[in-house]
Amino acid sequence: LVGSEMCIRDRYIINTGSSRSSKTWSLIELMHRICENNESFRVTAWRDTKVDARATIWKDFQKVLIISKRMIYANRNKTESYYAYPEQNTTFEIHGADDEEKVHGLTQNVSWLNEPYKISKDTFDQIDMRSDVMFIDWNPKKSHWIDSLSKQENAIVIHSTFLDNEFCPDEQRKKILSYEPTEYN
C-alpha cells in the first residue's frame with residue numbers, strides 16, 4: 001500500500017490450498033491493513049449467504065482483531081456486520097451473495113470472496129464489475145469458474161498448505177497428516 005492508493009499489480013489474487021493453511025486469517029489481516037492504511041475505501045467480504053458470512057468471516061475477523069489487540073482501531077456494528085475505520089473513512093463489510101440487491105448495487109474498492117463454492121459465475125461477474133481488485137480463497141474440490149479465472153493474465157494464484165501455517169495446532173496437524181498416503185515396506 002502506498003499513501004491512499006493500493007499498489008496491486010494483479011486484479012485477481014486467488015489463494016488456494018488445504019484446510020488450516022491460514023488463507024482466511026491471512027486475508028483478514030490483509031483486509032484490516034488495507035482498511036487502516038487507505039482513505040475512503042470500502043472493503044467487502046462475500047460468502048454464499050449472509051448467515052454463513054456472519055458465522056465464518058465475521059467471527060474470524062473479530063478473533064483476529066482481539067488476538068492482535070487491535071479491536072480498538074475499528075468500530076464494530078454487529079447488526080449490519082461491518083467495521084468502520086473512522087479516521088480513514090473506510091469500512092470492512094460482510095455480505096451474503098444471496099442478497100441480489102447488494103450484489104447488484106454495491107461498489108467497492110476491494111472484494112474478497114471467501115470459499116465461493118456456491119457463488120455463481122453471474123454473481124461473481126456482478127461483484128467483479130463493481131470492484132477494483134478481488135481476492136478469492138478456497139480449497140479446490142471440483143471444477144469451478146475459478147479455474148478459468150486463475151488462468152487469466154491479470155490473475156495470480158498463491159498456493160498454501162497447513163505445513164505453511166506455523167500456528168496450526170499440533171492435534172490438527174496430526175489429523176491432517178493422517179490422511180496422507182502411507183508407504184509400507
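Guide: What you see is a predicted model, and its pLDDT averages 82 over the protein, with 76% of the residues at 70 or higher. Residues 1-6 are a stretch to treat with care: their pLDDT is below 50, although in the model they make 18 contacts beyond near neighbours in sequence. Where pLDDT is low, the predicted coordinates should not be read in detail.

Now to the core itself. The largest nonpolar core holds 23 residues, and the members touching the most others are Met31, Phe92, Val110, Trp112 and Phe135. Two or more residues come from each of α1 (23-37), β2 (42-47), α2 (50-67), β4 (82-85), β5 (90-96), β6 (108-114) and β7 (131-138). The largest share, six residues, is given by α2.

Beyond its neighbours within four places in sequence, Met31 contacts Val43, Phe92, Val110, Trp112 and Phe135.

Let's turn to α2. Its buried residues are Ala53, Ile57, Trp58, Asp60, Phe61, Gln62, Val64 and Leu65. An α-helix has 3.6 residues a turn, so residues three or four places apart point the same way. The length of α2 fits as well: at 1.5 Å a residue, its 18 residues should span 26 Å, and its end C-alpha atoms lie 24 Å apart, which agrees.

Key. Residues are numbered from 1 along each chain as its sequence is written. This is a predicted model: local features need pLDDT of at least 70, side-chain atom pairs count only at pLDDT 80 or more; totals for chains, interfaces and linings use all residues. Side-chain values use heavy atoms; hydrogens and water are left out. A nonpolar core is a set of buried Ala, Val, Leu, Ile, Met, Phe, Trp, Tyr and Cys residues joined through side-chain atoms within 4.5 Å. Buried means under 20% relative accessible area, exposed over 50%, partly exposed in between (1.4 Å probe, protein chains only). Helices (H or I, at least four residues) and strands (E, at least two) are DSSP runs, numbered from the N terminus. Contact means heavy atoms within 4.5 Å. The expected span of a helix is 1.5 Å times one less than its number of residues. pLDDT is the predictor's confidence in each residue, from 0 to 100.
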